[in-house]
Amino acid sequence: MSKHHGWSRKEGLSSEPMVRMVKPWKGQNEFRRQLEFVENRAKKNPIKGRCRCDFCDQGSANYTLSFQGVQWSGALHHAVLEHNVRPSTQFRNWVYDMY
Ligand SMILES: [Zn+2]
């Protein structure tokens with residue numbers, strides 16, 4: 001679990017690698033606001049080890065987040081903000097639906 005990237009549903013879907021975009025992507029700021037909204041309501045699950053940022057030594061987290069049966073990396077918000085990571089359409093749509 002320390003190498004938990006991206007997100008997953010607890011049943012089924014495997015976690016996905018973080019995809020880094022060269023430039024801020026369309027809708028990134030809006031997605032960030034939506035993600036913050038959901039993360040403020042999500043449960044923090046302490047883990048052994050850390051969720052790592054794929055791209056730097058900053059921003060790793062010692063927890064995952066979960067809400068409504070979906071779990072994602074504590075480092076995801078950092079990765080979106082600092083590295084223009086764009087989560088999958090599926091996850092972005094899910095966040096949008098929770099917002
Ligand atoms: Zn980073």
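This is a predicted model: local features need pLDDT of at least 70, side-chain atom pairs count only at pLDDT 80 or more; totals for chains, interfaces and linings use all residues.
Which residues of the largest nonpolar core touch the most other members?

Residues are numbered from 1 along each chain as its sequence is written.

Start with the whole protein chain. It has 3 helices and 4 strands, in the order β-α-β-β-β-α-α from the N terminus. Helices (H or I, at least four residues) and strands (E, at least two) are DSSP runs, numbered from the N terminus. Of the 99 residues, 27% count as buried, that is, with 20 or more other C-beta atoms within 10 Å of their own; exposed means 12 or fewer, partly exposed in between, and C-beta atoms are placed from the backbone.

Next, select L35, V38, A75, L76, A79, V80 and V95. Among the 15 residues of the largest nonpolar core, these touch the most other members. Such a core is a set of buried Ala, Val, Leu, Ile, Met, Phe, Trp, Tyr and Cys residues joined through C-beta atoms within 7 Å. At least two core residues come from each of α1 (28-41), β3 (61-67), α2 (76-83) and α3 (89-98). The largest share, 3 residues, is from α2.

Now go to Q68, in the loop between β3 and β4 (70-73). Q68 is not a glycine, yet its phi is positive, about 55°. Q68 counts as exposed because it has 12 C-beta neighbours inside 10 Å.

Finish at N84, in the loop between α2 and α3. N84 also has a positive phi, near 55°, and is partly exposed, with 16 other C-beta atoms within 10 Å.
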